[in-house]
Amino acid sequence: MGSFYTAKREGSINNFILTKAGYADFDSNINWSANSNGPMITFLANMHIDVMNKPKDYSQATMKQIVTKYRNDAKKINQTRPNANLSKQTLIFILSESFANPKRVPNIKLNQEAAPNIEQIKKENTSGLMMSSGYGGGTANMEYMTLTGLAYNQFSKSLNSPFTQLVVKQDHPINLANSFKTTTAIHPYYGNFYDRKTVYQRFGIQKFRNINEKGALGLRYTSTADGGQYISDESAYNDALWQINQTKKGQFINLVTMQNHMPYTTNYAGNQFQATGKGAGKNLQQVSNYAKGLNMTDSFTKNFLNQIDKLNKPITIVWYGDHLPGIYDGNKMSKYNVVQHETDYFVYSNKYALKHNYGTKKLSDSTKITDPNGFIPLALKQMKQKVTPYYALLTRVQEDLPAMARNSVGTNESLYVNEKGQQVSANELSKKQREILHDYRLVQYDLTAGKGYSKATINK
């Protein structure tokens, strides 16, 4: 039994032997893993996960100094932030499944723009590109980063899914939901993927509405889009609107859509899109189908924002695509590593929020390229919201460091990208940037793999 201790540690002899014997790691769904590998191996292989390497100077004294440092930093930030109670506002995180405008993909051309409304929304509001740590998959990893502010690339390589390998073992981990009195997660699909039901409970999210639930927790809208196989984004948005109207007070909603999930074999009726170019290899028809799905999302998103603008309560939305679809087989990742990990995002405050000083129309500082772990500080800045020491640290990370992701090319595990969209190395970081990055790593280690010295004070 002890030999399974390093079963998931990449490079270990146990991992090598098990993989050769047919072991397959399905971190997204523990049931799949048990069906494929057997329940005993699945259980034993999950006994131990190397979460993160311990920083050399990690100690209780060091963490106390960091909390003090960023408490003072928070005081400086808060001098220009008028809003003290985040729970008075409504904040919605929307993960738009596989949304990334194909017009940026090399060697691909569409006969017309797939997302004209979202392009216009991005021009008029806080927006940019998000560096994804996935390609063709990894949705829950991006979701983890948005909810916690912690960076996936700083974890051990053997930690493939923070949801299933880390959060399910934690006790009330720090995350955005902690700042709200009313919290809901909505996912128009099955709730057992990535162990979301358990994960959301760990995060303190009070309700999880999904396909599996009935009655009060059931989905109110389940229509598909024009013959598609998944519940449409229109239905998902309608469920979010229904949830917003369940309380007059503020709340946090985490919506994860499904409409544009693979496979892209649905031939939508009246599809006006035609893709050309060598970037997709043999998948040009799939790109055309995918573009039609994006186009429907584009219209549904515009209508959703129009409905949000009619509500007399302050609402801010962080909307983002989690990763590109894995259909661009004609492009080498080694050549297009950065561009094929860039998705779209925008932050939108409704008319009521703008009118009552709860929102900002368009931020432009450090917004061109960011990462999922940068969305919490961006949202708080957009909402003119005061920050805790933890969110002060995340603010400095978002503003002063390059966007970061787990690298899928080469030996360097971290992909750093500057505001110009250029990949940079850790050696190119300034002294100030290296200091912030080190503080960030110390806090991440303390909250996930360490002793939790800062947990009781850093987010208050």
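Predicted model: local features only at pLDDT ≥ 70, side-chain atom pairs only at ≥ 80, totals over all residues.
## Pockets, cavities and salt bridges

The residues that line the largest pocket divide into seven nonpolar, seven polar and five charged.

E435 forms a salt bridge with K69, in which the closest N and O atoms are 2.7 Å apart. Because E435 lies in helix α14 while K69 lies in helix α4 (residues 60-78), the pair ties together parts that are 366 residues apart in sequence. E435 counts as partly exposed, at 42% relative accessibility, and K69 is likewise partly exposed, with a relative accessible area of 33%.

In the whole structure, a search finds 13 salt bridges, and a second example joins the side chains of K122 and D344, with 2.8 Å from N to O. K122 belongs to helix α5 (residues 116-124) and D344 to strand β9 (residues 342-349), so this pair ties together parts that are 222 residues apart in sequence. Here K122 is buried, with a relative accessible area of 11%, and D344 is buried as well, at 0% relative accessibility.

Salt bridges that share partners join R396 and E399 with D73 and K381 into one network.

Returning to the spaces in the model, the second largest pocket has a volume of about 360 Å³. It is lined by 21 residues, and E97, T139, F193, Y194 and H261 lie nearest its centre; by class, this lining has nine nonpolar, 10 polar and two charged residues. There are also two cavities of 30 Å³ or more, and the largest cavity has a volume of about 110 Å³. Of the 14 residues that line this cavity, Q259, H261, P263, Y264 and Y268 are the closest to its centre, and the lining comprises five nonpolar, nine polar and no charged residues.

On the surface, finally, I13, F16 and I17 form a nonpolar patch with about 330 Å² of accessible area together. I13 lies in helix α1 (residues 13-20) and is exposed, with a relative accessible area of 60%.

Definitions and conventions. Residues numbered from 1 in each chain as written. Heavy atoms only, no water. 1 Å grid on protein atoms, 1.4 Å probe; cavity = no way out; pocket = protein on both sides within 12 Å on 5 of 7 lines; lining within 4 Å. Points joined across faces, edges and corners; volume = space filled by probe spheres on them. Nonpolar A, V, L, I, M, F, W, Y, C, P; charged D, E, K, R; others polar. Patch = residues over 30% accessible without salt bridge, like charges linked within 9 Å, V, L, I, M, F, W, Y side chains within 5 Å. Areas by Shrake-Rupley, 256 points an atom, 1.4 Å probe, with all protein chains shown as cover. Salt bridge = Lys/Arg side-chain N within 4 Å of Asp/Glu carboxyl O. Helix = DSSP H or I, 4+ residues; strand = E, 2+ residues; numbered from the N terminus. Buried < 20%, exposed > 50% of the residue type's maximum accessible area, 1.4 Å probe, protein only.
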